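Open the model in your viewer and keep the selection panel at hand. We will go from stop to stop, with something to select at each.

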Amino acid sequence: MKEIIMSLLTVFGVLIAATTIAAGLIWLERRLLGLWQDRYGPNRVGPFGLLQVLADMIKIFSKEDWIPPFADKPVFIIAPAVIMFTVLMTFAVIPFTRAVHVVDMNIGLLFFLGMSSLGVYSVTLAGWASDSKYSLLGGLRAAAQMLSYEVYMGLSLMGVVMLSGSFNLREIVEAQKGLWFCIPQFLGFAVFLIAGVAETHRLPFDLPEAESELVAGFHSEYSGMKFGMFFVGEYLGITLISAMIATLFFGGWLGPVLPPIIWFLIKMFVFICFFILLRAALPRPRYDQLMSYGWKVLFPLSLLNLVVTGGILLAR
Amino acid sequence: MLSILRTLWTVLLHTFRKRATVLYPEEKPSIPPRWRGRIILSRGPDGAERCVACYLCAVACPVDCISLQATEDEHGRRYPEFFRINFSRCIFCGFCEEACPTYAIQLTPDFEMCEYNRQSLVYEKEDLLISGPGKYHDYDFYRVAGLAIGGKDKGQAENEEPPVDVRGLMP
């Protein structure tokens, strides 16, 4: 009985923590963008503008939730739910500390890859169900971009799997006791980082929504809380990828002095800030540049990483 | 690739830059004295109204937001009976100030004149008239103009000679 209550507590704790962090990111992103563009960002509502999140929530809940008459209604409604579902599911396998995790799955890494692949359905279906040309173009781009970046994302992680000899995320972290994988697997880390940006379709790889050419891409037709779901889903995606980078390449909860969960959060936070820095600094590439960059640079690099890591491991 | 990293680094260095934003209600921006803001009617150095109700401002106004009615006092001096500016129409172009021959109407560096009620943006003469001479301290129209009004005859203005008797034979 006690175990059931404990695991339920962890489940809801992770759920609430993940959504809270994602909501807080709305504020953090605007403040950080402001900082890097030499202005302030929202600083009026509450201390440091923190209650801006609350104001935004009230606004988005009270907005008209409109479904266009030409849309494919059931799919239109399911699409935003899919992205929330897949991302939140993935949080289940992340080990926050040695003890705090929802499930200790022996194929945790594969589960993460699978769930992030399922996330493609969300944007593609949203683009398709909206029945508008901009949404469709956005959905198409999203499908091609995410499917291709999925490939190197998976391949770049195989080096980590070889070094740790496990798909279990907890064991991967424990294998980094001596040396964080970001050093022996630097190439894998770089590829994973870039693929992660593309996977969450964040700037500079936000071509599926590219507001300067496609209005808002796959969520052009969405309003109210359905749009909010995409929004929160995107921020959850950033949190997830940052957590995964921290887990896979930067030793997860490992670190001296401070308690493990603090170490995990610090590492995650640094990468979240890096994601926002990317948005503040870099322009969006052209779509063909994005695809050729993926297939002609990242794909060979991840293969090279795989071969070299495998060769070294065999030689030892 | 290197240029991308350099861009990232440059943007990161902006963390330590001073922010360009002026936090307005707490921190007032410095406004130049010739700023075209709220319109006022000024008084001369002796405290009398400068406005002679010539209608030039109302004519110059491109949005017709000024309305007034001229009248005369017992000395024959013209002044506006009412003077009304509708600030919900005013575009603060400053043409009225340029048109004014007596420096009566002036634009000031005050821009904080928001109202909840549209009607409160219509300023009457008592709202517009200030107690001082505004931007031009010593100017007094009747002291430089050759016009004869009660208390000042022809030839009594500043830098003015007494009138010449054109029918007299004396030089």
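**Where the chains meet**

Start with the contact between the chains, which takes nine residues from chain A and eleven residues from chain B; two residues are in contact if their C-beta atoms, placed from the backbone, lie within 7 Å. Before you click on, note that this is a predicted model, in which local features need pLDDT of at least 70 and side-chain atom pairs count only at pLDDT 80 or more, while totals for chains, interfaces and linings use all residues. Residues are numbered from 1 along each chain as its sequence is written, and chains are lettered from A and ligands numbered from 1 in the order in which they are written.

Now select helix 1 (2-36) of chain A and helix 10 (260-281) of chain A. Each supplies at least two residues of the side of chain A that touches chain B, and helix 10 of chain A gives the largest share, three residues. Helices (H or I, at least four residues) and strands (E, at least two) are DSSP runs, numbered from the N terminus.

**A loop in chain A**

Next, pick A:Phe48, in the loop between helix 1 and helix 2 (52-61) of chain A. Its phi is near 55 degrees, a positive value in a residue other than glycine. Most residues other than glycine have a negative phi.

**A loop in chain B**

Move to B:Ala53, found between strand 1 (39-41) and helix 2 (56-60) of chain B. Phi is near 55 degrees here too, again positive in a residue other than glycine. B:Ala53 counts as buried because it has 22 C-beta neighbours inside 10 Å.

**The sheet in chain B**

Two bridges join strand 3 (residues 78-86) to strand 5. Show B:Ile85 and you will find B:Tyr123 of strand 5 opposite.

**Zooming out**

Finally, display the whole of chain B, with five helices and five strands. Its C-alpha trace spans about 100 × 45 × 25 Å along its principal axes. Of its 171 residues, 18% count as buried.

Conventions: A residue is buried if 20 or more other C-beta atoms lie within 10 Å of its own, exposed if 12 or fewer, and partly exposed in between; C-beta atoms are placed from the backbone. Two strands pair if DSSP finds at least two bridges between them.
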